[in-house]
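Please keep the sequence and the structure in view while reading.

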Amino acid sequence: MTSAPAYDPQNIFGKILRGELPCVKVFEDDVALAFMDIFPRVDGHTLVVPKIPARGLLDFPASALGPFMERVQRVAAAVKSGMKADGLTIQQFNESAGGQMVFHLHFHILPRHEGAPLMPPGVAGANAEIETYADKIRRAFA
Ligand code: 5GP
């Protein structure tokens, strides 16, 4: 077993959080930012990122998990409702061996429709479509 490297603030989501890179935002408060994945595995694929810097679940402060998971739940509800989904797949990967590619803690929220498979990885979504789904999700926040 190897120990995880330290958090690197130059990761893509760190840059998005600091406003150095753009994103299609659907939710933001003092705890979390949620935005659309640009390589969606399903229409409406949304990412939820905490503002506290952490590589993954294991180096995130336990005392901050409650408030952050409350945001994950709130975004998940808006994604399900906005995308009129039948269900949700929620994923969280840790380290390369666990499938993680961006080393700032995040949860994937994937709205699922009965019988519809995931799309292949690594295929960029069309910007206009991503904006349309983001709009539906934003309108679903009460
Ligand atoms: P991981 O495997 O680390 O859990 O997933 C990282 C996710 O970030 C992938 O689903 C990937 O499509 C997404 N991603 C990578 N680069 C960018 C980017 O620049 N902007 C956005 N919005 N998503 C990204």
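The text that follows goes from the sheet to the pockets and then to the ligand.

The model is a predicted one, and it contains an open sheet of 5 strands, in which the pairing is antiparallel and the order is β1-β2-β3-β5-β4. Strand β1, residues 25–28, and strand β4, residues 87–91, stand at the edges with a single partner strand each, and therefore one side of each has no neighbour in the sheet. From one strand to the next, the twist averages 20°.

Within this sheet, strand β2, which covers residues 32–36, pairs with strand β3, which covers residues 46–50, in the antiparallel sense and over 5 bridges.

Rolling a probe the size of a water molecule over the atoms shows where empty space is left. The largest pocket has a volume of about 630 Å³, and among the 25 residues that line this pocket, F13, D37, F39, M101 and V102 are the closest to its centre. By type, the lining of the largest pocket divides into 16 nonpolar, 7 polar and 2 charged residues.

The second largest pocket has a volume of about 160 Å³. Its lining is made by A4, P5, R55, G56, L57, L58, D59, N94, E95 and Q100, and these residues of the second largest pocket divide into 4 nonpolar, 3 polar and 3 charged.

**The ligand**

Which residues come nearest to the ligand? Of the 15 residues around the ligand, they are D37, G99, M101, H106 and H108. M101 is also one of the residues closest to the centre of the largest pocket, as is D37.

The table below lists backbone contacts with the ligand.

| Protein side | Ligand atom | Distance |
|---|---|---|
| M36, backbone N or O atom | nitrogen atom | 2.8 Å |
| M101, polar backbone atom | oxygen atom | 2.6 Å |
| V102, polar backbone atom | oxygen atom | 2.8 Å |

Read together with the sheet, the table brings in M36, where the backbone atom lies 2.8 Å from a nitrogen atom of the ligand, and strand β2 covers residues 32–36. V102, with a polar backbone atom 2.8 Å from an oxygen atom of the ligand, is likewise among the residues closest to the centre of the largest pocket.

Terms used. Residues numbered from 1 in each chain as written. Predicted model: local features only at pLDDT ≥ 70, side-chain atom pairs only at ≥ 80, totals over all residues. Heavy atoms only, no water. Pairing = 2+ DSSP bridges. Helix = DSSP H or I, 4+ residues; strand = E, 2+ residues; numbered from the N terminus. Axes fitted to C-alpha atoms, helices over the stretch in contact; angles between N-to-C directions. 1 Å grid on protein atoms, 1.4 Å probe; cavity = no way out; pocket = protein on both sides within 12 Å on 5 of 7 lines; lining within 4 Å. Points joined across faces, edges and corners; volume = space filled by probe spheres on them. Nonpolar A, V, L, I, M, F, W, Y, C, P; charged D, E, K, R; others polar. Near = heavy atom within 4 Å. Polar contact = N/O pair within 3.5 Å; in protein donor to acceptor, adjacent residues only side chain to side chain.
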